[in-house]
Amino acid sequence: MAGLGRKTFSPGDVLTSSDVQGYLMDQSVMVFAGTAARASAIPSPSAGMVAYSTATALQVYNGSAWVDASLGYGVASGTAALSTAITVAGTAYTLLTFTADSNLVVSKAGLFDVMLIGGGGGGGSWSSTANEGGGGAGGIAVATVYLAATTYPVDVGAGGAAQVRGFDSTLGSVTVGSTVAPTAVGGGGGSRNTQSRSGGSSGSGGNNNTTVVASVIGQGFAGGVGSGSLGDNQGAGGGGGAGAVGGNGTASVGGVGGAGISIASFIQTATTVAGGGGGNRYSGSSGAGGAGGGGAAGGTAAGTAGTANTGGGGGAGDAGAAGGSGVVYVRFKV
């Protein structure tokens, strides 16, 4: 049961078993030889209980897990991650960069800042009835999480696949840092249908598109719309980016991909990610990719792929290009 708070006893008061349990036992600092001994003695802990273990030092039960009482930053490494020393706003961190599936090995439990960028959507490919929209950028999720000392799988989302002529493109895949970290959704694929596919930053529609699907809240902007009628001489919309909506297509030009955002405040280095792919106009000027890894549309040629490990959307074209893969960043104070 939960502790009863603090009570001032007066001479002659009767100390009941409930008093002993609620005022003393549930609010004392219990000492154990290790976590196994603690689990055996307290199989069903209550939120707020405090215990000292020789394996973990002082911890408090938060309602679902025993966590360090200080809630300081932990220490970790990655089995296939780049480790760099960075300084952001005067604070020193170790930054782990995961560009492919790997494992995060937490050697000391504590807090970790995580940033996850989903894979970008692929760009649409041209067909005889419509130009195609650019792929949407992958979503971005940022959080500070508590991680216990164990190994966590890190899955880096792939970009949406490149498509051959006449096919709508595919969504980028979801990036998951761990079971306790946030999720960054994959970008929407460019389409010639009446609405864009959903994603972190939605892919645009083709040149007969009149409806824009909003992106997942907080993870990007919607794609632009096409110019409104069928045929080679109508521009398709650009894919949405993390920082701006995709541009609308016109009768003469495909829409530009939406701009991405800078993540320098997280990784120190001036880096822009998650730009949308450009929308196509088969027989005219095609849209440029959005800043941050978005691929340009190709016109009568294939579109340009989104940049790897940025979550950039793929450019549309005679053949749609693949979206850029995602990336996972984990940092902790040193």
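Guide: Happy to, and we'll go through spaces, contacts and a few single residues. One thing to know at the start is that this is a predicted model.

Visitor: Good to know. How many cavities of 30 Å³ or more are there in the whole structure?

Guide: A search of the whole structure turns up one. The volume of that largest cavity is about 70 Å³.

Visitor: What classes of residue make up the lining of the largest cavity?

Guide: The lining of the largest cavity has nine nonpolar residues, two polar ones and no charged ones.

Visitor: And pockets? How much space is in the largest one?

Guide: The largest pocket holds about 210 Å³ of space. Its lining has 13 residues, and T56, Q59, D68, A109 and Y146 lie nearest the centre of the pocket.

Visitor: Which elements each supply at least two residues of that pocket's lining?

Guide: Those are α2 (35-41) and β4 (66-68). By class, the lining of the largest pocket splits into six nonpolar, four polar and three charged residues.

Visitor: Changing topic: how many salt bridges does the structure hold?

Guide: There is one salt bridge in the structure. R331 pairs with D113, and their closest N and O atoms are 2.9 Å apart.

Visitor: Why would two side chains like that pair up?

Guide: In general, side chains of opposite charge can pair when their charged atoms come close.

Visitor: Are they buried or exposed, R331 and D113?

Guide: Both R331 and D113 are buried.

Visitor: What about the surface? Which residues form a nonpolar patch there?

Guide: F9, L15, L24 and M25 form one, with about 380 Å² of accessible area together. L15 is located in the segment before α1 (17-24).

Visitor: Nice. Which residue has a phi near 80°?

Guide: That's Q268, where phi is positive even though the residue is not glycine. Q268 lies in the loop between α3 (264-267) and β15 (272-273), and its relative accessible area of 41% makes Q268 partly exposed.

Visitor: And what is the phi of N309?

Guide: N309 has a positive phi of about 60°, and N309 is not a glycine either. Its place is in the loop between β15 and β16. N309 counts as partly exposed, at 21% relative accessibility.

Visitor: Let's do some pairs. How far apart are A92 and K333?

Guide: A92 and K333 are 241 residues apart in sequence and 5.9 Å apart in space, going from C-alpha to C-alpha. A92 belongs to strand β7 (residues 91-98), and at 32% relative accessibility A92 is partly exposed.

Visitor: What about T150 and V105?

Guide: Their C-alpha atoms are 6.1 Å apart in space, with the two residues 45 apart in sequence. T150 is in the loop between β10 and β11 (151-154).

Visitor: One more: is G188 buried or exposed?

Guide: G188 is buried, because its relative accessibility is 0%. G188 lies in the loop between β13 and β14 (261-262). From C-alpha to C-alpha, G188 and G239 are 8.1 Å apart in space, while in sequence they are 51 residues apart.

Key. Residues are numbered from 1 along each chain as its sequence is written. Side-chain values use heavy atoms; hydrogens and water are left out. On a 1 Å grid over the protein atoms alone, a cavity is a set of points where a 1.4 Å probe fits but cannot get out, and a pocket is an open set with protein on both sides within 12 Å along at least five of seven lines; lining residues have an atom within 4 Å of a point. Grid points are joined across faces, edges and corners, and a volume is the space filled by probe spheres set on the points. Ala, Val, Leu, Ile, Met, Phe, Trp, Tyr, Cys and Pro count as nonpolar, Asp, Glu, Lys and Arg as charged, and the others, Gly among them, as polar. Patches are made of residues with over 30% relative accessible area and no salt bridge: like charges are joined within 9 Å, nonpolar side chains (Val, Leu, Ile, Met, Phe, Trp, Tyr) within 5 Å. Accessible areas come from the Shrake-Rupley method with a 1.4 Å probe; for residues, only the protein chains shown count as cover. A salt bridge is a side-chain nitrogen of Lys or Arg within 4 Å of a carboxyl oxygen of Asp or Glu. Helices (H or I, at least four residues) and strands (E, at least two) are DSSP runs, numbered from the N terminus. Buried means under 20% relative accessible area, exposed over 50%, partly exposed in between (1.4 Å probe, protein chains only).
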